[in-house]
Amino acid sequence: MIDEMMQSITQSAPGGSDTLVWAAVPMPVPGERQLLVRVRAAGVNRADIVQREGKYPPPPGAPLTLGLEVAGEVAAVGSGCTRFKAGDAVLGLVAGGAYAEYALLDEDLALAKLDAWSWVEAASLPEAWMTAWFNLVEIGQLKAGETALIHAGASGVGTAAIQLAGLLGAHAIATVGSDEKADWCRNMGASSVFNYKSEPDFHQQIKAQGGADFILDCVGADYLAGNVACAKQDGRIVIIGGMSGRQAMLDIGLLLMKRVTLRGSTLRSQPLAVKARLTQALRDTIIPALQAGQLKMTIDSTYPVQAVADAHDYVEANRNLGKVVLVM
C-alpha cells in the first residue's frame, strides 16, 4: 500500500546547492496513461542545476522537484495504461520530479529496463542519449562523412554525442577543459580534441583543419562568434545551453555568406509526441547498439540522494567524465 506522503528533494527558494533539502511531500497520483514509479536511481543533469538557481523554470504542469530521468519499479498505473503493470522495472524521461522516492512517468516515455543493467546504468540513459539524438539526428541532420564539433565533450550529453556521431559515420571533434577529459573523449571516439585552457585559439585551429559541418554547443555566448567562424559552408549550429552567458555579438555578414543555420534547442519543453519519438529511437537504435558494444555507458559516479548537494557541486565544478547518478 502506497503512503500518501513521500520523501523528496525540496527547495524553499532558488540558490546554491545548500538550498536542497530532503523532506516529506505529498505523493503524486498517476493520471491518464501515467506510471507511478518507485525511484531507484535518478540522473543528474546541468539543467537541474540551472533550475535550482532559478534560471530554468519547469514548463507549465511539470513538477517543481528537480530531476529529469529515472529508473525504478512501477508502483501503480493510471487509466489507459496498457504496456506496463505494477512491479515492472522501467526507465524513462520525466518532466521533473525524479529527485524523490516516487515520480510520475508518461507510459509513452517508459522503456523496460534490461535485467543486465543496474538501476544506475538505466537512469543514466534517457536524458543524455535523447538529447544527443534530438540535436544530432532530428535537428542537425548529421550525415556520414561530416564533421561534428561537440563542446563540453566529457559531459553526459557530450559523451553521448561523440559516440552517436561515430555510430552515424561522422567524425567527432570535441572541446574540453583538461588533458584527462581529452583522453576520455578520444576513448569515446573523438578524432581530435582541444583543451580550451591550453589552446584558446581552438576555433581557429578547427577552421584551419577544414571546419565543422555541425556544432553542438552548451557554452553559449563566449563561443558564438568562434562557432560561426569555424562552421563550414551551410554549417549547422545548435545551442543547447548558455553556461557562459546569454548575450553575444554576432557577425551577420559571415552568417549570411556561409549560409549558417543557427538554432536554439531544449528537450524539456518539447511536446509529448516528440519525446515519445525520441524514446523510440532510444529503444530501437541506442539500446541495441549498447547491447552490441557499439556504444558505451559512461557512469562517472553515484551519490545517495540525501547527498544531492555534493553531486551538484561536483557537476558544477566540471569534474565529471560522463554521467552522475543519484541512488535512493
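## Helix α5

The buried residues of helix α5 (residues 179-188) are Lys 181, Ala 182, Trp 184, Cys 185 and Met 188. They lie on the same side of α5, because they cover an arc of only 160° around the axis; the arc is that of the directions from the helix axis to the C-beta atoms. Buried means under 20% relative accessible area, exposed over 50%, and partly exposed in between, with a 1.4 Å probe and protein chains only. Helices (H or I, at least four residues) and strands (E, at least two) are DSSP runs, numbered from the N terminus.

The face of α5 turned away from its buried side carries Asp 179, Glu 180 and Asp 183, which are exposed. The cover over the buried residues of α5 includes α4, β9 and β10, where contact means heavy atoms within 4.5 Å. After α5 comes Gly 189, with a positive phi near 120°.

## Basis of the model

This is a predicted model, in which local features need pLDDT of at least 70 and side-chain atom pairs count only at pLDDT 80 or more, while totals for chains, interfaces and linings use all residues. Residues are numbered from 1 along each chain as its sequence is written, and side-chain values use heavy atoms, with hydrogens and water left out.

## The six-stranded sheet

Six strands form an open sheet in the order β10-β9-β8-β11-β12-β13, and their pairing is parallel. At the edges are β10 (192-195) and β13 (261-264), each of which pairs on one side only. Neighbouring strands of this sheet are turned by 15° against each other on average, direction ignored. Strands of a sheet pair through backbone hydrogen bonds, either parallel or antiparallel. Two strands count as paired if DSSP finds at least two bridges between them.

Strand β12 (residues 231-239) runs parallel to β13 and is joined to β13 by four bridges. Ile 237 has Leu 262 in β13 as its bridge partner. Helix α4 (residues 156-167) lies across β8 (147-150), β9 (171-176) and β11 (212-217), and runs at about 170° to β8. Axes are lines fitted to C-alpha atoms, for helices over the stretch in contact, and angles run from 0 to 180 degrees between N-to-C directions.

## Aromatic pairs and helix α7

Two aromatic pairs are found in a search of the whole structure. The ring centres of Phe 202 and Tyr 223 are 5.3 Å apart and the planes are at 70°, so this pair is edge-to-face. Phe 202 lies in helix α6 (residues 202-208) and Tyr 223 in helix α7 (residues 221-230), so the pair ties together parts that are 21 residues apart in sequence. Both Phe 202 and Tyr 223 are buried. The rings of Tyr 303 and Tyr 314 have centres 6.1 Å apart and planes at 55°, so that pair is tilted. Tyr 303 belongs to strand β14 (residues 299-304) and Tyr 314 to helix α10 (residues 308-316), so the pair ties together parts eleven residues apart in sequence. Both Tyr 303 and Tyr 314 are buried. Rings of Phe, Tyr and Trp (its six-membered ring) pair if their centres lie within 6.5 Å; planes under 30 degrees apart count as stacked, over 60 as edge-to-face and the rest as tilted.

Helix α7 is largely enclosed by the rest of the structure, because seven of its ten residues are buried. Among the buried residues of α7 are Tyr 223, Leu 224 and Val 228.

## Charges over rings

The charged end of Lys 113 sits over the ring of Trp 119, 4.9 Å from its centre. Arg 268 lies over the face of Tyr 56, at 5.7 Å from the ring centre. A charge sits over a ring if NZ of Lys or CZ of Arg is within 6 Å of the ring centre and within 35 degrees of the ring normal.

Arg 268 is also one of the residues that Pro 58 touches, not counting residues up to four places away in sequence. Pro 58 is in the loop between α1 (46-52) and β4 (69-77).

## Single residues

Glu 107 lies in the loop between β6 (102-106) and β7 (110-112), and counts as buried at 0% relative accessibility. Not counting residues up to four places away in sequence, Glu 107 touches several residues, including Arg 33, Cys 81 and Phe 84. The C-alpha atoms of Glu 107 and Phe 84 are 7.6 Å apart in space, and the two residues are 23 apart in sequence.

Asp 234, in strand β12, has a positive phi near 65° and is not a glycine. Its relative accessible area is 36%, so Asp 234 is partly exposed. Asn 318, in the loop between α10 and β15 (323-327), has a positive phi of about 60° although it is not a glycine. With a relative accessible area of 31%, Asn 318 is partly exposed.
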